[in-house]
Amino acid sequence: MIEKPVLIRDDGLRHDGRRPDELRPIKMQVGILKNADGSAYVEYGKTKVVAAVYGPREVHPRHLALPDRALIRCRYHMAPFSTSDRKSPAPSRREIELSKVIREALEAVIFSELFPRTSIDIFIEVLQADGGTRTTGLTAASLALADAGIPMRDLIAGVAVGKVDGVLVLDIDELEDEYGEADMPIGYAASIDEIMLLQLNGVLTLEEFRRAIELAKEGARKIYDQMKKTLHDKYLKIIEK
Amino acid sequence: MEKPRQGMPVTPGDYLGVEEEYFPGYGAYIDDEGNIRSQLVGRVLIDIVKRTIEVRQVRGKPIIPKPGDVVLGIVETVSNDLAFIRIYNIENKPSRSTDFTGVLHISQVSSEYVETMYDVLRLGDVVRAKVLNSLQPFQLNTKHPSFGVVVAFCSKCGETLKLKDDRLICPVCGNVEKRKISSKYFFRW
């Protein structure tokens, strides 16, 4: 058994030197893939994710098509080289679940009724995992959908809140996830003020839960602003001139 | 909240006004609280006379054939009275991955009487056609003189057929074939 590392230092900062309410450095890019209709690359610290969107396109196999709206399919997948031990490339139980929760979050914002009998396929590939892959994946998928020109109610920013050594911290990484007491990933659509994804692993009191939601919303708003800026820089800067 | 200006760049979810101000047009929607918001990455287009607000998309919009579109496709299956055509391109649209199935019925092939589908097109031919409906599978029509087969292949040797005096002739084996030839046939003698 490895000894538990110091997660909150004596000066109140976290093991990597961040304040409890501080995000990791975030990088975003859109339109990085030629063959996909929309794509995005997002980094939350050491977590690196690529998302690609295809569609609306014809559904194969045909019988899955829905007569009144688009079928939204989502595949969250971790590359074999994304973790310290090689991960089997076959979809694990965890990946199937994450595909489902991310799909349900995105289904709530996509205007799928505009494209009946078609499918919108979302692929999320984790290149390097260091905690918060589902939230990074959700942010990337949302950017890729916007890049593909698919009508959406809002962009979704994903961020996780955790409790480590009794302190609520924003955007937890793998170490804090492993040794912390709670992990709560959230998908937040900032403009319409709706939570699209919420999971909770661990124990929080009601008061802690309320504070955690507020902390997550605040972090997600920062990420949301950066998402808007990324789309802006890629497509809208030229128009404004 | 920022008041929308003409030509203002927006991303999905951006506030464009309240329900009472404008009718939401393409790329705009009304949320649960009665605010008009953007669906797309684009710029605002306000029509003060009609009182509409739209979002003009900066990136090519998702391409789905709509009624009246002229499309190009490859014949995938032919039966006596029906042909399935894989639509790969919509004319005058910037090309993105377009991959839809179209159905051409024998009654929609030509204004003249057609005995069987094998007299007007064959497997592998490239067809120019008009889309009739908005639901999949798309119904096609090739009655106009500029619609029909634009590239055909010899059924004996596979060579591209060439058009000479309204007849399709194989330059290798001399085989003469029947098609519903488009006035825009690519290869001429």
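In chain A, R93(A) and E97(A) both sit in helix α1 (residues 93–107), 4 residues apart, about one turn of the helix. Helices (H or I, at least four residues) and strands (E, at least two) are DSSP runs numbered from the N terminus. This is a predicted model, in which local features need pLDDT of at least 70 and side-chain atom pairs count only at pLDDT 80 or more, while totals for chains, interfaces and linings use all residues. Residues are numbered from 1 along each chain as its sequence is written, chains are lettered from A and ligands numbered from 1 in the order in which they are written, and side-chain values use heavy atoms, with hydrogens and water left out.

### Salt bridges

A salt bridge is a side-chain nitrogen of Lys or Arg within 4 Å of a carboxyl oxygen of Asp or Glu. Over all chains the structure holds 32 of them.

| Pair | Closest N to O |
|---|---|
| R93(A) and E97(A) | 3.5 Å |
| E76(B) and R86(B) | 3.4 Å |

In chain B, E76(B) lies in strand β8 (residues 70–78) and R86(B) in strand β9 (residues 82–90), so this pair ties together parts that are 10 residues apart in sequence. Salt bridges that share partners also join R14(A), D16(A), R18(A), R24(A), D130(A), D171(A) and E176(A) into one network.

Accessibility is given as relative accessible area: buried is under 20%, exposed over 50%, and partly exposed in between (1.4 Å probe, protein chains only). D68(A) is partly exposed at 47%, as is R69(A) at 36%. E76(B) is partly exposed, with 44%.

### Aromatic pairs

Rings of Phe, Tyr and Trp (its six-membered ring) pair if their centres lie within 6.5 Å; planes under 30 degrees apart count as stacked, over 60 as edge-to-face and the rest as tilted. The count by this rule is 3 aromatic pairs over all chains.

One of them is the edge-to-face pair of F111(A) and Y29(B), 5.0 Å centre to centre with 65° between the planes. This pair crosses between chains, from the loop between α1 and β5 (118–128) of chain A, which holds F111(A), to strand β4 (residues 28–30) of chain B, which holds Y29(B). F111(A) is buried at 12%, and Y29(B) is buried at 7%.

Another edge-to-face pair is F100(B) with F138(B), at 5.8 Å centre to centre and 90° between the planes. It links distant parts of the chain, with F100(B) in strand β10 (residues 100–105) and F138(B) in strand β12 (residues 138–141) of chain B, 38 residues apart. F100(B) is buried at 0%, and F138(B) is buried at 0%.
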